[in-house]
Amino acid sequence: STEYLLKSKGYEIYVANDGLEEIDTYKSVNPCLVFMDVKMPNMNGIEAFYKIRDIDNAAKVILVSAYVSDDQEIENAKNNGLLLLENKPVSIKKLEELIAKYD
């Protein structure tokens, strides 16, 4: 899994299963960088992004989606601090490049 591969390379990884859990995880861990799917149960990634930014206005968030479309909702999020929207699948190499760039 992606989590295992990144952990094996020395990264400290926390996994959330939905948007609400992502917010709780952010509150307790305060990670350097968040990768979050747009489509998640209970709360989508865009909504969770805004909640995380309410907690920490400097939070670094990258959304990922299999169906990337730079619609107005994504543009608004980018204007409010979203780092980028990355197309799935995201390779380990690409994740490492993004971590190096934004960490």
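**Close-ups of a predicted model**

**View 1. Glu75 and Lys78 pair up within helix H4.** Both sit in helix H4 (residues 72–79), three residues apart, so about one helical turn separates them. Helices here are DSSP runs of H or I with at least four residues, strands are E runs of at least two, and numbering starts at the N terminus. The two side chains form a salt bridge, with the closest N and O atoms 4.0 Å apart; the term means a side-chain nitrogen of Lys or Arg within 4 Å of a carboxyl oxygen of Asp or Glu. Glu75 is partly exposed at 29% relative accessibility, and Lys78 is partly exposed at 27%. (Buried is under 20% relative accessible area, exposed over 50%, partly exposed in between, using a 1.4 Å probe and protein chains only.) This is a predicted model, in which local features need pLDDT of at least 70 and side-chain atom pairs count only at pLDDT 80 or more, while totals for chains, interfaces and linings use all residues. Residues are numbered from 1 along each chain as its sequence is written, and side-chain values use heavy atoms, leaving out hydrogens and water.

**View 2. Lys9 meets Glu96 in a salt bridge.** Here the N to O distance is 3.9 Å. Lys9 belongs to the loop between H1 and H2 and Glu96 to helix H5, so the pair ties together parts 87 residues apart in sequence. Lys9 is partly exposed, with a relative accessible area of 48%, and Glu96 is also partly exposed, at 24%.

**View 3. Lys88 forms a salt bridge with Asp37.** The closest N and O atoms are 2.4 Å apart. This pair, too, links distant parts of the chain: Lys88 is in the loop between E3 and H5, Asp37 in strand E1, 51 residues away. Lys88 comes out as partly exposed, at 35% relative accessibility. A search of the whole structure turns up four salt bridges.

**View 4. Helix H5 has a buried face.** Ile92, Leu95, Leu98, Ile99 and Tyr102 are buried in H5. Looking down the helix axis, these buried residues fall within an arc of 120°, so they line one face; the arc is taken from the directions from the helix axis to the C-beta atoms. Over on the other side, Lys93, Ala100 and Lys101 are exposed.

View 5. Setting aside neighbours within four places in sequence, Thr25 is in contact (heavy atoms within 4.5 Å) with Tyr14, Ala16 and Asn30.
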